[in-house]
Amino acid sequence: LRSTVVVRTEDGLGSGFVVPGGLVVTNLHVVAGAAGITVRYPSGREVQVQDVRGFDAINDLALLNPNLGHPALPLSNDDSAQRPGAPIVIVGNPHGLQGTVSTGVVSGIRRHPTLDFELLQIDAAISAGSSGGPVLDRSGKVVGVARMYLKDGQNLNFAVPVRFVKRLLRTSEGPIALS
């Protein structure tokens, strides 16, 4: 929980988490078009984001630079932690309730037929404000990023696999504009 954050813009809030290097990962839809972005740590400390270091529009990811050293969550290298039936934990801020934990399993892997687009289908609860939170395996390593839920479905929730976070970390080049 120490490495998860609330991401706040003038239009709303979401979740995020610190990765190695001190950057914060969240969903692009949480921060897109925002004039200002604030990150609140579990300690209550709030920091204005200095810049956006990269984003992946297809996979709905953004890298924020709050310019504050903070413990990072390790990223998983274990593909078996993303297989159907694998247990998971999500930490997020649904409706502003910071540090909310929900548990479940990976229900399936959904791939887009032509785009480099893949989602983990999960049954752990995701609500408004949970977007961008880490999806963790049983050892506490990030296996995905909470992305969305289907309003008309029961337990139809989705996360971006961690391999897209790793790719974004490798390819981000520095401060960029989201607008």
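Select Thr-38 and Gln-48 in this predicted model: their side chains make a polar contact at 3.3 Å. Thr-38 sits in strand 4, residues 37–40. Is Thr-38 buried or exposed? Thr-38 is buried, because its relative accessible area is 19% and the cut-off for buried is under 20%. Now show what surrounds Thr-38. Leaving aside neighbours within four places in sequence, its contacts are Val-6, Val-7 and Arg-8, together with Glu-46, Val-47 and Gln-48.

Six strands form a closed barrel in the order 8-9-10-13-12-11, and their pairing is antiparallel. On average, neighbouring strands of this sheet are turned by 45° against each other, direction ignored. Arg-111 has Glu-118, in strand 10, as its bridge partner.

Helix 2 lies across strand 10, strand 12 (142–149) and strand 13 (157–161), and runs at about 40° to strand 13.

Then colour the largest nonpolar core, which has 20 residues. Those touching the most other members are Phe-17, Val-25, Leu-61, Leu-75, Val-142, Val-145 and Val-165. Strand 7 (61–65), strand 12, strand 13 and helix 2 each supply at least two residues of this core. Which element gives the largest share of this core? Helix 2 does, with four residues.

Centre on Val-165. Not counting residues up to four places away in sequence, Val-165 touches Val-25, Leu-61, Leu-75 and Val-145.

Finish with another core, apart from the largest one: this core has 16 residues, among them Val-5, Val-18, Val-39 and Val-49.

Technical notes:
Residues numbered from 1 in each chain as written. Predicted model: local features only at pLDDT ≥ 70, side-chain atom pairs only at ≥ 80, totals over all residues. Heavy atoms only, no water. Pairing = 2+ DSSP bridges. Axes fitted to C-alpha atoms, helices over the stretch in contact; angles between N-to-C directions. Contact = heavy atoms within 4.5 Å. Buried < 20%, exposed > 50% of the residue type's maximum accessible area, 1.4 Å probe, protein only. Polar contact = N/O pair within 3.5 Å; in protein donor to acceptor, adjacent residues only side chain to side chain. Core = buried A, V, L, I, M, F, W, Y, C linked by side-chain atoms within 4.5 Å.
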